[in-house]
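Dear colleague,

Here is the structure you are taking over. My notes on what was found in it follow below.

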Amino acid sequence: MQTEKKVLDADILIVGYGPVGAALGCLLGKYDIQALVIDVEADVLEHPRAIALDNEALRILQMTGLPEDSFEKVVLPKVRMWSQYFSDFSEINTTGSINGHPKLVTFFQPELERALRKQVGQCSSVQTMVSTELVSYDEHYDHIEALLRTSEGEHLKVRCRYLVGADGAKSMVRKSIGLAFTGKSHAEDWLIIDALNAPKSIDHLEFICDHRRPGPHMVAPGGRQRWEFMLHPGEDPKQMLRDESIAKLLAPWGSLSEITIERKAIYRSHSRCAKEFSRGRVFLVGDAAHITPPFAGQGLVAGLRDAANLAWKFSWVLKGRSPEAVLKTYSQERRPHAKAMILLARMMGKLVMPTNAVAAILTHGPVRASRLLPGLRRLTEEAQVKPANQFKKGFFLSTPKGAPAICGGQLSQQLVRKSDGEIVLSDDLFSQDFSLVGFGVDPLSNLSAEKRKMLEGAGISSFYVYSRGGNAGSAGSENSADNALEDIADNFVSRDSRGWVALVRPDCVVMGIDRIENLEVLLHKTKKYFLTASSAAVNNIAFA
Ligand SMILES: Cc1cc2nc3c(=O)[nH]c(=O)nc-3n(C[C@H](O)[C@H](O)[C@H](O)COP(=O)(O)OP(=O)(O)OC[C@H]3O[C@@H](n4cnc5c(N)ncnc54)[C@H](O)[C@@H]3O)c2cc1C
């Protein structure tokens, strides 16, 4: 006899509680969206996978609300590329920070995943179920009904508005919506080793670009080091995982009597991207949407970008502030950038693993020579070859001439002092809602009390950023103190930006920007992106 199935309700069902599903859970929790996150496994995966994160990933983790010290990091000062013919033929300077975060760190993925799960646990609107898998689902015109099965064999039904496949590279969700996962699976096997207590260590990331045995090597938290060795055709992966093989490979850094092997695995990389990142009510994030060779350290980073892009769009649609059509801008914005990162990783792969001595000379030689030209040298040393996280099409307006920030690109993050004296990173304020940020001008000073109230209803907060040492009243607004922020390092307010107002999305992407005198026109232009209170607010501002 068929037993009655328990029925759960959620706005969003996230299938997959890996790092990307967990980050999305945190962000939905921050926006108070009812979400259910499930995973077929009982605990986080312990395999040696992601090890490096860039400043963009750390910025998104900040937006999830994850405390900065919730997982250990090692800050890397440089990435060095070594060739047997040209010695150090290229170097990327990773010293310093961008937008409030170190340019490059290493970390321990299971520790980050546990920290994210703990953060999800703080979100009252997000439920989680482990040891529970997605079996099937039916899409209806206004909702989805999903069937789950627990490891004990219990079946549950979930009724949700949208379903997100965060279920990794082999994504069942992606297959179920029939989206092609186009690209390439690479032929090389790699041996990954995470080890502790090696007597010799480095403080950076090095790529040994020796065609005879290429591979990256880096320092990681907890006294760890990571080595990745490319296997030769014909080498037996099982044999290479044995201690005697590993001992030979690690001999330059110490003997196995001193080194503790923590994790080891054989891995094959892929360069693949789903044809679209959504279909109907189903969305793909993380490895379910795109997978990349690890050379640029961008697999998880790209997944975090997906989560940051999608979470607030769900929130605005579910709260009736934006039309459902804006969800289409998720794939439009994210897919080209994910593809560009895969291309970068493949390009780096060509440098890291030349197929033979001639290929090594022909690839490493020109890169070495390019360092003699300051422009080209800067391109690699300052990682300017990395595709900017800037969209061509999507949920934003065009950039007016002379604007100090680009629409569709991220607003920089700076330290600001609030009116109560507390110094914070600006995203902590700007990533809660849409933000109207005035540089050296108070956006509210041009708006009546009635119009300000309407902005509030639309989920648009307003901030007046003034120069260091200035005072909140200097823009002439009697009510400016509450929303005034002092620009601690004078990076927001400059000669070029003074007098401009930016409308910033909750993922800190600039949606629109114009001079204060054009503020009403700017808000009017955003009309099609907002509904009800928002569109009313914008209409009233424009036409009152
Ligand atoms: C060797 C290696 C090195 C790497 N280095 C880096 C790096 O330095 N930097 C970087 O950014 N990235 C790196 N990556 C990539 C990074 O590890 C992945 O991009 C990231 O882990 C993907 O996270 P995810 O949450 O999308 O998927 P996953 O972590 O794969 O999580 C998917 C989850 O979905 C669950 N699941 C699957 N099917 C179902 C189902 N039907 N029902 C319920 N649950 C399901 C799985 O159990 C799993 O927990 C590396 C990867 C490898 C292999």
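**The sheet**

Leucine 53 has valine 105 in strand E9 as its bridge partner. This is a predicted model, so please read everything here as computed from it. Strand E9 covers residues 104-106 and is joined to E3 by 3 bridges, the two running antiparallel. The open sheet they belong to has 3 strands in the order E3-E9-E4, with antiparallel pairing. Strands E3 (52-54) and E4 (74-75) are at the edges; each has a single partner strand, so one side of each has no neighbour in the sheet.

**The two domains**

The domain assignment gives domain 1 as 6-70 + 107-178 + 271-343 and domain 2 as 415-543. Their contact takes 16 residues from domain 1 and 20 residues from domain 2. The C-alpha centres of the two domains lie 31 Å apart. Between them they bury about 1500 Å², 49% of it on carbon and sulfur atoms.

The count of salt bridges between the domains is 2. Arginine 505 forms a salt bridge with glutamate 333, with the closest N and O atoms 2.8 Å apart. Across the interface there are also 8 residue pairs in polar contact. On the side of domain 1 that touches domain 2, helix H2 (55-63) and H7 each supply at least two residues. The largest share of that side, 5 residues, comes from H7.

**Valine 317**

Valine 317 sits in helix H7 (residues 299-318). Its relative accessible area is 7%, so valine 317 counts as buried. Beyond its neighbours within four places in sequence, valine 317 contacts Tyr162, Ser322, Pro323, Glu324, Val326 and Leu327.

Regards

Key: Residues are numbered from 1 along each chain as its sequence is written. This is a predicted model: local features need pLDDT of at least 70, side-chain atom pairs count only at pLDDT 80 or more; totals for chains, interfaces and linings use all residues. Side-chain values use heavy atoms; hydrogens and water are left out. Helices (H or I, at least four residues) and strands (E, at least two) are DSSP runs, numbered from the N terminus. Buried means under 20% relative accessible area, exposed over 50%, partly exposed in between (1.4 Å probe, protein chains only). Contact means heavy atoms within 4.5 Å. Two strands pair if DSSP finds at least two bridges between them. Domain bounds come from an automatic or database domain assignment. Buried area is the accessible area (1.4 Å probe) that two parts lose on being put together, summed over both. A salt bridge is a side-chain nitrogen of Lys or Arg within 4 Å of a carboxyl oxygen of Asp or Glu. A polar contact is a pair of N or O atoms within 3.5 Å; within protein, one must be able to donate a hydrogen and the other to accept it, and residues adjacent in sequence count only if both atoms are side-chain atoms.
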